[in-house]
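Open the model in your viewer and keep the selection tool ready. Each stop below tells you what to pick and what you will find there.

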Protein chains: 2
Amino acid sequence: MERPSLESLETPAALVDMTRVEANLRRVEAYARQHGLKWRPHTKTHKVPELAALQLRAGASGITVATPHEAQVMASVAEDVFLAYPPVGAARLERLMRLPAHVRLSVGLDSREALEGLSAAARRAGRTVGVLVELDLGMHRVGVQGPSEAVDLARQLEATDGVEYRGITFYPGHVRSPVGSQDTVLKELSARLEEFIDVLSGAGLRSPVVSGGSTPTLWRSHEVVGLTEIRPGINIFNDRNTASLGACAWEECAYSVLATVVSTAVSGQAVIDAGSKALAKEEGLAPGGGYGVLLERPEVVVRGLSEEHGLLELAGTSWRPRVGERVRVVPNHVCASVNLHERLWAVRGGAVEGAWAVTGRGWGAP
Amino acid sequence: MERPSLESLETPAALVDMTRVEANLRRVEAYARQHGLKWRPHTKTHKVPELAALQLRAGASGITVATPHEAQVMASVAEDVFLAYPPVGAARLERLMRLPAHVRLSVGLDSREALEGLSAAARRAGRTVGVLVELDLGMHRVGVQGPSEAVDLARQLEATDGVEYRGITFYPGHVRSPVGSQDTVLKELSARLEEFIDVLSGAGLRSPVVSGGSTPTLWRSHEVVGLTEIRPGINIFNDRNTASLGACAWEECAYSVLATVVSTAVSGQAVIDAGSKALAKEEGLAPGGGYGVLLERPEVVVRGLSEEHGLLELAGTSWRPRVGERVRVVPNHVCASVNLHERLWAVRGGAVEGAWAVTGRGWGAP
């Protein structure tokens, strides 16, 4: 494909600022190295193998995925893949077992049922799958509730062929406070994690991997006692929520959706052609509400979304766009926006450098 | 592709109950015929040309689309296409003008800028595009604000080559009250519409097409004076919001997402593998909140969503699912859910009848 100019792109179009991506990767790699943590980025944010390859070249020790399909797509560039999701059901398990034999696979899970399905599939496929026991450290979404359950599951793991106990995993998705206000919640989380590690260790279960972390808690990961590995996803691109928590600077937002103003008929607002189908309807953590803000005019909020319409609120700005004018929107939650686009355009200094197909979308062909 | 069994489908999977779809189409066709209204379904709900063909065979007079890409995809089966969205920007206009010459195309718009771009592109392409002037009848999203503006735009239209004034269009997306409580809002809307028609008519502008309607207002469309055409989208599938407004019966919900329970570790809830990436995070109009309910157990609400996780609330049910059990979820807003799936599975009486690629997703290849 010829490289189109930024001006000629059909909107809405998902843009990735490569200068910022590279800086974001350097920063997290340096942080992980400084604190002796392994860095295993969650690739569900971008769903693009070329970007996973960039992360691995930048120093990532392996990658994280959310689905067997993402694992398949990423296996073209990654040799060490952690599926942070229990593969339940015959079709998902079969897809996972079709990964190339050289891929070092591990999986997070929290139930005997998931473990039994996985181990049976692994034995049939003649492979050994590493397992991390998923802990609930306060998010209350998934994860075993207490140390004794973790011990039970780990013991069952050690007694089962086709799987191998490798440690524990958690996701602190409940921590959505600004980086500077995380002291209490991180202390509680760290104390709870130590309790799990101690009880497992007391039961003779060594946990070589203690994997956790998210982008909001990224820069305080070193305060979590016992952690060996971080798995930030959003950090490669960042987004409005991440900036509003202070987990990135505004200038570290590398992803935006290019959109065109299509109507200014209703006073006090302008309508752009990036709606929920391009930005995703994800609640904001920023005080201004709405679903995103303009990259170059962060005071302008996307107040409402329908599928193909984004409503820009013009009350707080003297800017009055004309129909046909283009803007770039930073969405609240970048992962959900990326998932809506067939391709991402790499841009650098105002020029289009290339495009990637977002091949990790969906759950794979039957 | 061989027909898989329903039991073997990898989850999440989007299912369409064909018996219900056929009944839904028969019902709306009979309603439109009874009231002398043309039926031009909005195909953005399903984004599948085969389903547009089914609607046309069932008596639709043409179809509605939201994007030039949808128009391209649907042009394989439809000869009369209304783009209910202003095509602004060179790339969108070029895509639209690449439609086969035999397609009778019309477009809704609300600005001189959009009109100028469209007419210039139409002249270059050597085609005549019908235009409906978009009115704001209370939604305050897009649309000219008053009759004099409608007259101005229609006059400019009549004076411009490449385009042809065909009438007016509106979308009553602000009407989200139960069908039985729409009296006042429909009276206001109808009075405002008559005012537009009268002023246009007084200015010598005949409006052969008066196009409007949505699924929530569908069954009361005949009360809107002057209306010639209805454009329901959701009605082919229906969804939780539509049922909660009384615009369909629960037994008319034809779309659901098949999902697998993947965790029951946290008490009082079960986690399924249909999250915001499968169901869409769309606010509910139903009193119970959440993002969807189970088709077979509508008392069980999807209380929370993350990308790959749906949280089923178990407080109001004695049902205690096991990991591996499968459920079908009716989402709040079906269009947003369909847009997340690569394919829809047609099912009838518990068997898979076939599958369609959702080819109208996205905005088209560059």
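**Stop 1: a strand residue in chain B**

Select B:Leu294, which sits in strand β12 (residues 292-294) of chain B. Helices here are DSSP runs of H or I with at least four residues, strands are runs of E with at least two, and both are numbered from the N terminus. This is a predicted model, in which local features need pLDDT of at least 70, side-chain atom pairs count only at pLDDT 80 or more, and totals for chains, interfaces and linings use all residues. Residues are numbered from 1 along each chain as its sequence is written, while chains are lettered from A and ligands numbered from 1 in the order in which they are written.

Is B:Leu294 buried or exposed? B:Leu294 counts as buried, because it has 21 C-beta neighbours inside 10 Å. The cut-offs: buried is 20 or more other C-beta atoms within 10 Å of the residue's own, exposed is 12 or fewer, partly exposed is in between, and C-beta atoms are placed from the backbone.

Now show its contacts. Leaving aside neighbours within four places in sequence, B:Leu294 touches B:Val300, B:Val327, B:Arg328 and B:Val329. Contact means that the C-beta atoms of two residues, placed from the backbone, lie within 7 Å.

**Stop 2: where chain B touches chain A**

Select the interface. The contact takes 52 residues from chain B and 53 residues from chain A. On the chain B side, α4 (90-97), α5 (112-125), β10 (255-263), α9 (276-279) and α10 (334-338) each supply at least two residues. Which element gives the most? That is β10(B), with three residues.

Colour this side by class. It has 22 nonpolar, 16 polar and 14 charged residues. Ala, Val, Leu, Ile, Met, Phe, Trp, Tyr, Cys and Pro count as nonpolar, Asp, Glu, Lys and Arg as charged, and the others, Gly among them, as polar.

**Stop 3: chain A as a whole**

Zoom out to chain A. Its secondary structure comes to ten helices and 17 strands. The C-alpha trace spans about 65 × 45 × 35 Å along its principal axes. Of its 366 residues, 57% count as buried. Among contacts between residues at least 6 apart in sequence, 67% join residues at least 24 apart.

**Stop 4: a helix pair in chain A**

Select helix α6 (residues 147-158) and helix α7 (residues 183-202) of chain A. Their axes come within 9 Å and cross at roughly 45°. The two helices α6(A) and α7(A) are therefore oblique to each other. Seven of the contact residues are nonpolar, none is polar and one is charged. For the terms used here, axes are lines fitted to C-alpha atoms, for helices over the stretch in contact, and angles run from 0 to 180 degrees between N-to-C directions. Angles under 35 degrees count as roughly parallel, over 145 as roughly antiparallel, 65 to 115 as roughly perpendicular and the rest as oblique.

**Stop 5: a glutamate in chain A**

Finish on A:Glu70, in helix α3 (residues 68-74) of chain A. A:Glu70 is buried, with 28 other C-beta atoms within 10 Å. Beyond four places in sequence, its contacts are A:Thr43, A:Lys44, A:Lys47, A:Val65 and A:Gly360. The C-alpha atoms of A:Glu70 and A:Lys47 are separated by 7.0 Å.
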